Amino acid sequence: MEETAATPTVLVIDDDLNLLPFLVDMLSVMTPYRIVTARNGVEGLVAYAEHHPQCVIVDMKMPELDGAQFVRALRGDPSTLNTPIIMMTAMGSPDDHFIGMAAGVDRYLVKPVEPETLVVAIEQALALSDSERLHRLRDLANSPDDTDCLEDGSRATTERERAQEGEGKQ
Amino acid sequence: MTSPTVSPTFSLSESEQQVYRSYDNIWRLRLVSVIAPFFGLTTFMSLVGLLAFLVVSAHGATTEVSVALPPQMAYLSMGSLVVVISLYGYSTYAARKGQARRATTACATALLIATTVAATTWEFSQGVGPFGLAGYIFLPLVIVLVGLLATAPFILLATLWVNALTITYTLLAPREAGIAGIVQREAILIVFFCVLMEWCFAILLIALRRALSATLRELGDVRIAYERAKQLDEIKDQFIRSVNHELRNPVMALNGYVKVLRSQQTALSPERQRAFLDRASQVGDRVVAMLKSILDTGRLEQNASEFTPEAVNVRTVIAESAELLDPLEGSFVQRELHLSIPDDLMFWGDRIRLQQIMTNLLSNAVKYSPAGSPVTVEAYPIRPAEAPKSSALFGRSRQLNRPQMVEITVRDQGEGIPPDQIPLLFQRFMRLPRDIASPVIGNGLGLFICRQLAEAMGGSIWVESQGIAGKGSTFHLRLPMPPTQN
């Protein structure tokens, strides 16, 4: 697809050498975005500084710097605080889900993810306004241990229960 | 539903043998921890009493007790009682340290000495009288106590000792005037009945010990079966974790390519479609290879020992194994492979099995070390370990029967393995935590398979590593040499 200066850039960070080329192929076919890649959190930070992407898709388990650390690094810097971030990982337990959401991601997807689902997640993350994200992150920071506000402003416990229900159904 | 059973085809590990020993030891240790301090205290009080008696006697005072104890015998008894108290003390200490054999042996020995000292002192100082004869009934109690603590040979020894005491007292000890005639007349009968009673107790105790051992063994079986089931459960969890991470990515890519090709067929050029299909095919191959290696493991366990051993050239097999390495694993970067193997070095086993082991070890060395760093393979014959000096005579004969071995080492310059994680390496589906998070592909089966194959050929495999980056790991494989080369 034709790229222009206004074309959003999506940074994909994953250490899997089979999945990363697929994500590039798939996103370049199904979305108009410019795709840049990195293979771990450290490379991801370098790529972020270079390309200033409008959205980041990041894996959780990676060498050097893992996904949660990468997300915390972005969320801890006021200049990158509002970046839409999607975590896409093989770690599907409720605890992993909680760790991912607590790090400050907008969406937490468990692999395998359908191509359409990923595309929709990117669109939703891009559509989330800065004020909505800021509000949610502030709730996350201010909430006591067990009542962390997460995605959709829900409480962490509710989020974990929902994740557990999801596991049960599978 | 099948119940967990201990498979007779698996040999017991050291920790499993420990389970049987611990069941046998626990109750003996508990018994000693009660008996030894109690009897130690009783003996101490006897010692104090004896000392008081000597002090009183030395001052010429008369006592109400009609005991005539020569001072030499009293001093001998006191010396013996000190030894007995020390043994009870040591027994209590050993029981607290969990040293069952030492604790029970010391306690049983103390019991025997204490009984011997007390009975001998009494019978030879006071003479065999009604009270002394009644004491014969208590002698078998020693056999009961020793029988509860010690092993069958010790019970037999204790019984023989008590027999000897009974015979000695009856025949040699002075007799009280009132019953001297009866003892003289019935000496044989007294000895016969006492010895018979003592052996009855001994046999009863040995039978009880055997029954108890059988029950404890069954308890041990149940415990081992439980531990194995628990271990299996852990392996299953580990397998799920490992497969979960290793399969989700390629399955997502494979499924994704199919979905994209189907939904975007019209938008994709034929070249792009072909490229997508090629990549999907590569990912599919990875999934198939992984599933195949997992499914092969079960078959491998059954077939590992089904081969006809023959003399095989080590260098040739290792060179072939290096040829079989997948270039993808080394990221197509050339590696130096240093081989230091005598041309004529042979091992006794199966060519294909060594090839499988070496391919695995070389593949690991390449995958887990920096691109371009060398890998060194050495092989040399080794002599069997020297027998300990204490059993030099038997050690020599064993050494003659033990086959000479070939040791093959594979050394890399990678990150190494943290020493605390080394025991995990050769277990099924076990991947180190850092590897699960790394891009290195694996299913946690390679080294498990190597161990199975090495052991099936009568060899062993282990690793040495300090877990220091750059110093790497050294895998050692030991295999028997052909009989003619021994």
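Entry 1, basis. I worked from a predicted model, in which local features need pLDDT of at least 70, side-chain atom pairs count only at pLDDT 80 or more, and totals for chains, interfaces and linings use all residues. Residues are numbered from 1 along each chain as its sequence is written, while chains are lettered from A and ligands numbered from 1 in the order in which they are written.

Entry 2, sheet. I looked up an open sheet of 5 strands in chain B, ordered β2-β4-β5-β7-β6 with mixed pairing. Strands (E, at least two residues) and helices (H or I, at least four) are DSSP runs numbered from the N terminus; two strands pair if DSSP finds at least two bridges between them. β2 (337-340) and β6 (460-465) of chain B are the edge strands, each with a single partner, so one side of each has no neighbour in the sheet. I then noted that β2(B) pairs in the parallel sense with β4 (residues 375-382) of chain B over 4 bridges. His338(B) has Thr376(B) as its bridge partner in β4(B).

I recorded 48 residues in the largest nonpolar core, where Val71(A), Ile86(A) and Met87(A) touch the most other members. Such a core is a set of buried Ala, Val, Leu, Ile, Met, Phe, Trp, Tyr and Cys residues joined through C-beta atoms within 7 Å; buried means 20 or more other C-beta atoms within 10 Å of the residue's own, with C-beta atoms placed from the backbone. Helix α1 (residues 19-30) of chain A gives the most to this core, with 7 residues. I also noted a second, separate core of 45 residues, including Ile35(B) and Tyr88(B).

Conventions. Buried ≥ 20, exposed ≤ 12 C-beta atoms within 10 Å, placed from the backbone.
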